[in-house]
Amino acid sequence: MSERQLPDNITNLLARVSSAVEKSQRNPQDVNILAVSKTRPAGDIREAAALGLTDFGENYLQEALDKMAELQDLELCWHFIGPIQSNKTRPIAEHFDWVHSVDRLKIARRLSEQRPPEKPPLQICLQVNISEEESKSGVTLAELPALAQAVSALPGLTLRGLMAIPAATADTEQQHRAFAALRKALEALDMPHLDTLSMGMSGDLEAAIAEGSTLVRVGTDIFGPRG
Ligand SMILES: *Cc1c(COP(=O)(O)O)cnc(C)c1O
């Protein structure tokens, strides 16, 4: 990246996030940033880490493992946020700290069995399909309560909350509706220890924060447009 671009992007993002936090009268400590580093070289992550970012999200397993190896000297928190094939769960269980894209019990069971016992539990968000016609990923609202109960009983995992990727839209009312649906789904679970709503990206993080996001996943507005 050009020399000033990353620091400027991060400064602008932090200003956007704190202004959204202030508008919604929330506690700044309750809204965190996950830097989505898919397709970016390890050098960009190193630079972002030097500027204070600690949490990085990756969608593609092999690419992520290569970057982790290159960045071993850094203390980073790695989040898997992409679709999960069941034959790829072992390296995810072994190398990541968080997984946001669990949407069926089979995947959760495999992650549970494959999480190395010497490591802390893998932190889990269930991906929910809140705009049902748009996407094939995510558990339906109807199936969510049973999945949450089952996952929360599995050893080696800590269920933390919910994640969604609503259909991209510039219509802010529609953004709010989708994020409110995820917040209500979390409330309806009535599992008070769940503290995470992973929602909001570069284009809609204001609406997400207003509706209760605790973790915005931002790629483009940190690292620039993807090639
Ligand atoms: C790519 C991606 C993001 C980041 O999107 P931007 O629009 O670049 O901020 C967030 N979440 C998921 C699941 C993604 O795949």
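Me: Where is I81 found?
Reply: This is a predicted model, to begin with. In it, I81 is found in the loop between strand 3 (77–80) and helix 4 (89–95).

Me: Is I81 buried or exposed?
Reply: Buried. The relative accessible area of I81 is 8%, and the cut-off for buried is under 20%.

Me: Which residues is I81 in contact with, leaving aside neighbours within four places in sequence?
Reply: L34, V36, G57, E58, N59, H100, S101, M163 and R217.

Me: How far apart are I81 and G57, C-alpha to C-alpha?
Reply: They are 6.1 Å apart in space. In sequence, 24 residues separate I81 and G57.

Me: Switching to the core. How many residues are in the largest nonpolar core?
Reply: It has 64 residues. Those with the most contacts inside it are F56, V99, L111, I124, L126, L162 and I222.

Me: Take F56. What does F56 touch, not counting residues up to four places away in sequence?
Reply: L34, A35, S37, I45, A48, A49, L76, C77, W78, H79 and F223. L34 is also among the contacts of I81.

Me: Now the helices. At what angle do helix 1 and helix 2 pack?
Reply: About 55°, with their axes 10 Å apart. Helix 1 covers residues 5–23 and helix 2 covers residues 42–50. The two are therefore oblique to each other.

Me: Is the crossing left-handed or right-handed?
Reply: Right-handed, as helix 1 passes helix 2.

Me: Which residues meet there?
Reply: L6, P7 and I10 come from helix 1. D44, E47 and A48 come from helix 2. By type, that contact has four nonpolar residues, two charged and no polar. A48 also touches F56.

Me: What does T196 touch beyond residues up to four places away in sequence?
Reply: W98, C125, R160, G161, L162, L186 and T214. L162 is one of the core residues with the most contacts.

Me: On to loops. Where does A168 lie?
Reply: In the loop between strand 6 and helix 7. A168 is exposed, with a relative accessible area of 79%. The C-alpha atoms of A168 and D204 are separated by 8.2 Å. Along the chain, A168 and D204 are 36 residues apart.

Me: And T169?
Reply: T169 lies in the loop between strand 6 (157–163) and helix 7 (172–189). At 24% relative accessibility, T169 counts as partly exposed. Leaving aside neighbours within four places in sequence, T169 is in contact with Q174 and Q175. Its C-alpha atom is 19 Å from that of G212, 43 residues away along the chain.

Me: Last topic, backbone. What is the phi of Q25?
Reply: About 50°, a positive value, although Q25 is not a glycine. Q25 lies in the loop between helix 1 and strand 1 (32–36). Q25 is exposed, with a relative accessible area of 74%.

Me: And what is the phi of D190?
Reply: Near 55°, again positive in a residue other than glycine. D190 is in the loop between helix 7 and strand 7. D190 is exposed, at 65% relative accessible area.

Conventions:
Residues are numbered from 1 along each chain as its sequence is written. This is a predicted model: local features need pLDDT of at least 70, side-chain atom pairs count only at pLDDT 80 or more; totals for chains, interfaces and linings use all residues. Side-chain values use heavy atoms; hydrogens and water are left out. Axes are lines fitted to C-alpha atoms, for helices over the stretch in contact, and angles run from 0 to 180 degrees between N-to-C directions. Helices (H or I, at least four residues) and strands (E, at least two) are DSSP runs, numbered from the N terminus. Angles under 35 degrees count as roughly parallel, over 145 as roughly antiparallel, 65 to 115 as roughly perpendicular and the rest as oblique. A crossing is left-handed if the near helix is turned anticlockwise from the far one by less than a right angle, and right-handed if clockwise. Contact means heavy atoms within 4.5 Å. Ala, Val, Leu, Ile, Met, Phe, Trp, Tyr, Cys and Pro count as nonpolar, Asp, Glu, Lys and Arg as charged, and the others, Gly among them, as polar. A nonpolar core is a set of buried Ala, Val, Leu, Ile, Met, Phe, Trp, Tyr and Cys residues joined through side-chain atoms within 4.5 Å. Buried means under 20% relative accessible area, exposed over 50%, partly exposed in between (1.4 Å probe, protein chains only).
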